[in-house]
Amino acid sequence: MKRLYSFLVLALVAITLLPAQAFDPAKKYEVTFGGYGDLEKAYAEVFKSADFKAKYPNITVKFQTADFGGHHTRLTTILAAGEQTNDIEALEVGFIAQFVEAGGLTDLNAAPFKAGVFTKDIVKFAVANATTDSGSLIAMPVDIAPAVLFYREDLAKKAGVKMDALKNWDEYIAALKKLSVGGVYGIEHPSAVQAIPLNGGKGGWFSGGKPLEPKAKFVDALKLVEKVKAAKVDGDLGAWSGPWSQAYLDGKVATAVNGAWFGGTLRTWLSPEPGKWRVAYLPGKIMASLGGTYLSIPQTVPAPRKAAAWEVIKYLTTSPNAQLISFRAIDAFPALTTVYKDPVMDEPVAFYGGQKVRKIFADVALNIPENKVSEYDNLILGIWNGAVTSVVNGKATPEAAYADALKKIRATIE
Amino acid sequence: MTRRALAALPAHLTLAVFGLIFALPFWMVFVLASWPAREVLVFPPHLWFGNGLLENWQQLLARIPFARNYFNSFGIATLSTLGNIFFCTMAGYAFAKYRFKGRDFLYGFVIATMAVPGFLNLIPFYKMMVKFGWINTWLPLVVPGLAGAFGIFLMTQFLTNSIPDELLDAARIDGLTEFGILRRIIFPLAKPGLAVLGVVTFVGSWNNFTGPLVLLPKVESTTLPVALSALNSRVDNNLGALMLGNALTLLPLIIVFVFFSKRIIAGLTAGAVKQ
């Protein structure tokens, strides 16, 4: 019996110490990739590029794409079941917190991946979002969405307002009042601004373990919504609705507060005529993030497949070629900071009337503050959005909406 | 116009208005399927057909293996429906017409399973399917639902109320076996109930999203709702292709309802009046 125990202990030690299987350049790999939205379009172009093919002639990638919600539902279900997922799974920043402490994803800081070597060149806040309290990196940031102010230059000129140096939200609202004439809406909806003072609602919901603290930060965000509503400068346009897209197509929306990716939506279909839009820093040069994508390797992926998956992730997140192809294809702004020095970042962009907008995106990206994420973030965001709606509809004052949201959050998480 | 027709006019007009309101979303799906992507979200929306059908069709085929997904949806829905009709009628017949020990308990147990929300089962169900090696096959979407609780309940109620015991006794005296009774008497007389069960099962299977999403990971092996969801993106506008895909997905359901509406209504109202 003693010998059997000794054998079992030795076997366990051997398994633990066994190095994870390394990537073999002579072996053929088919890596599976679970993604959502436009990611397949961007990465399919990356994998077709000569650079990728030269570096990884032995890797082919097969996609499983669903819509945003479906993708995360599938991933959550399979991880909860402890079963094998795709070799690589994409995560949107809003979901990253859920997986940071919950487990199920491989620590990319550990051997043999040692992602720490590469993360020094990736925007800090995004790396922090994907890092657990114990220092594990559960996903690599691949793109981010620095928040900026998109505005119609022609309408701004006509109204005699300067949108590129707004010192605060009051100046912004004053400008919106001047812009909102002749059927033009200053902004699509009052709620479009609410997340900006809260770093896009991506983390930072807790302070000292208490939700919605400091109180002033959250109440001020609601007061801002109230002010925009009271100024009567919005079109009451629900995002992605018919009236919303028609207002953009008709050139009736003067400004939009959104992440860099929104430029792609404007350019490809919402307002495709070049030269009309410009980009500015947000009022008061607030730096915030409004989205972003991470790439992870679930723990249930077998070791040899993990090695190939890591090579693909490494390429997508640390290769300037991959980052720039994705940026061109779907306006996914690079998380890799070395790309910001690429000449392409200094190029004038015809769609924005020759403005060098990428410089602004990059500057915002480098200065977005780090915010602690938690597994409750998505849940809190849902409750918070309810509070914002109450203020927009005039059903509650900012103070009352805050108190109600706090009560609901406490009731849910305690 | 007779006085009677005149009196019915307001009711007919009201029904016509409601009919139009209910039909409008279906009409819009087909209309928007014929407009290019950039025109799908225009406001006020297009009410008549456009010229983007070919463009949408090409985009649809370029993005997903649509024919394959259609085949998968159709195959899974058809097998689920046929299986459900067969096994649920058998079970319903047993519960409705046999008196055996534990019948009430068993029937109560079957009914009780309907009270468990589907998402609670998802994780253990998924683990079981992995163990069976059924992932990426049609089996997990067909086999476990073959004798669904709802179908058993529906057929039990239908057969209890619609087929007199005397008829079955007469068949037995004439020498029919139990399976013969099922085949020659129960199935032909239960057509309205079977139509309801068939339509409910077919529509449920056809519209199922979470099941194929989790159980059929490969795009070529998945069903229409999941494959079409891949077209939902924010920068790459596929709305035209998505609308066309939706319209084509809707077609079989409309056909099923058009051909079986009378039977469905008969099935739903069977037993409503005591004779």
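The lining of the second largest pocket has 18 nonpolar, 15 polar and no charged residues. The classes put Ala, Val, Leu, Ile, Met, Phe, Trp, Tyr, Cys and Pro under nonpolar, Asp, Glu, Lys and Arg under charged, and the others, Gly among them, under polar.

Before I go on, some ground rules. This is a predicted model, where local features need pLDDT of at least 70, side-chain atom pairs count only at pLDDT 80 or more, and totals for chains, interfaces and linings use all residues. Residues are numbered from 1 along each chain as its sequence is written, chains are lettered from A in the order in which they are written, and side-chain values use heavy atoms, with hydrogens and water left out.

Back to the pocket. A pocket here is an open set of points on a 1 Å grid over the protein atoms alone, where a 1.4 Å probe fits, with protein on both sides within 12 Å along at least five of seven lines; lining residues have an atom within 4 Å of a point. This one has a volume of about 1,200 Å³, volume being the space filled by probe spheres set on the points, which are joined across faces, edges and corners. Its lining counts 33 residues, and Asn121(B), Phe125(B), Pro144(B), Gly145(B) and Gly148(B) lie nearest the centre. Helices of chain B that each supply at least two lining residues include α3 (66-97), α5 (118-132) and α10 (191-207).

Chain B as a whole has 13 helices and zero strands; these are DSSP runs numbered from the N terminus, H or I of at least four residues for helices and E of at least two for strands. Its C-alpha atoms fill a box of roughly 70 × 70 × 30 Å along the principal axes.

Now the interface. In contact, meaning heavy atoms within 4.5 Å, are 25 residues of chain B and 30 of chain A. The area buried between the two chains is about 2,600 Å², with 61% from carbon and sulfur atoms; that is accessible area (1.4 Å probe) lost on putting the two parts together, summed over both. Of what chain B buries against chain A, Leu41(B), Arg234(B) and Val235(B) supply 27%, more than any other three residues.

There are two salt bridges between chain B and chain A, each a side-chain nitrogen of Lys or Arg within 4 Å of a carboxyl oxygen of Asp or Glu. Lys127(B) makes one with Glu83(A), the closest N and O atoms being 3.3 Å apart. On the side of chain B that touches chain A, α5(B) gives the most, with five residues. By class, that side has 16 nonpolar, four polar and five charged residues.
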